[in-house]
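Hi,

Here is the structure I promised to pass on. Have a look at it first, and my notes follow below.

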Amino acid sequence: MTKIDTSSPEQVLPTPSHTVGPFYGYALPFRGGEDIAPAGHPDTLTVHGYVYDGEGNPLPDALVEVWGPDPEGNVPTADGSMRRDPASGGFLGRNGVEFTGFGRIQTDANGHWYARTLRPGARGRSAPYLSVCVFARGLLVHLFTRIYLPGDETALAADPLLARVPAGRRDTLIAADEGHGTYRFDIRLQGEGETVFLEFQ
């Protein structure tokens with residue numbers, strides 16, 4: 001935006017820049033946002049990684065939302081992850097029993113995030129995946145991507161979206177199996193190894 005000095009028709013002064021954000025730490029994160037699976041569920045798995053900027057630096061103030069179906073492929077209908085106490089307005093958190101399929105995680109000082117969830121079931125012709133939304137500094141619009149979990153190569157090969165992604169970039173959508181129910185998925189906003197992001201119209 002340019003400010004025009006009306007006292008001198010030939011002089012144009014730039015206005016100072018403004019910080020767009022992020023201001024996510026104020027109201028969006030909620031206690032226990034990373035614990036999507038019901039407490040103590042035997043099939044809980046952990047997906048974790050780092051959010052990197054275009055220069056490969058970790059972002060300590062990004063926000064990652066993860067949501068997905070239950071192991072049978074059904075979209076959860078349990079009442080929200082961010083329940084409030086109707087009397088006090090305070091945060092109650094999850095009830096520890098029902099699977100909501102949704103989590104919101106703020107990256108730590110090292111740009112790391114993690115979520116404990118259940119392995120998503122397949123829906124339609126798609127291989128099982130978790131949907132991801134990323135909010136980070138410098139982004140005027142949040143970004144969408146997917147996390148496919150390895151293990152069923154036939155389903156991954158037949159997935160309609162993965163089939164449309166150039167072969168050299170598909171790995172940016174598939175988590176790495178670290179064993180013991182742990183998967184690594186780094187999110188690179190730009191540059192070498194940039195994650196494939198989706199645009200919905």
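This is a predicted model: local features need pLDDT of at least 70, side-chain atom pairs count only at pLDDT 80 or more; totals for chains, interfaces and linings use all residues.

Residues are numbered from 1 along each chain as its sequence is written, and side-chain values use heavy atoms, with hydrogens and water left out.

First, the pockets. A pocket here is an open set of points on a 1 Å grid over the protein atoms alone, where a 1.4 Å probe fits and protein lies on both sides within 12 Å along at least five of seven lines; lining residues have an atom within 4 Å of a point. Grid points are joined across faces, edges and corners, and a volume is the space filled by probe spheres set on the points.

The largest pocket has a volume of about 240 Å³. Its lining consists of P160, L161, R164, V165, V196, F197, L198, E199 and F200. By class, that lining holds seven nonpolar and two charged residues, with no polar ones.

The second largest pocket comes to about 160 Å³. It is lined by 14 residues, and G68, P69, R123, Y129 and S131 lie nearest its centre. This lining divides into eight nonpolar, five polar and one charged.

Next, the fold. The protein chain has two helices and 11 strands, taken as DSSP runs numbered from the N terminus (helices: H or I, at least four residues; strands: E, at least two). The order from the N terminus is β-β-β-β-β-β-β-β-α-α-β-β-β. Among contacts (heavy atoms within 4.5 Å) between residues at least 6 apart in sequence, 67% join residues at least 24 apart.

Of the 201 residues, 38% count as buried, where buried means under 20% relative accessible area, exposed over 50% and partly exposed in between (1.4 Å probe, protein chains only). The accessible surface of the chain is about 11900 Å², with 51% of it belonging to carbon and sulfur atoms; these areas come from the Shrake-Rupley method with a 1.4 Å probe, and for residues only the protein chains shown count as cover.

Finally, the charged pairs. How many salt bridges are there? The count comes to four, a salt bridge being a side-chain nitrogen of Lys or Arg within 4 Å of a carboxyl oxygen of Asp or Glu. Here are some of them:

- D35 pairs with R116, with the closest N and O atoms 2.5 Å apart. D35 sits in the loop between β2 (12–14) and β3 (44–52) and R116 in strand β6 (residues 112–118), so the pair links distant parts of the chain, 81 residues apart. D35 is partly exposed at 25%, and R116 is also partly exposed, at 30%.
- D61 pairs with R137 at 3.0 Å between the closest N and O atoms. The loop between β3 and β4 (63–67) carries D61, and the loop between β7 (129–135) and β8 (143–148) carries R137, 76 residues apart. D61 is partly exposed at 21%, as is R137 at 40%.
- R104 and E65 meet at 2.7 Å, N to O. They join strand β5 (residues 102–106) to strand β4, 39 residues apart. R104 counts as buried at 13% relative accessibility, and E65 counts as buried at 11%.

Best wishes

Note on methods: Ala, Val, Leu, Ile, Met, Phe, Trp, Tyr, Cys and Pro count as nonpolar, Asp, Glu, Lys and Arg as charged, and the others, Gly among them, as polar.
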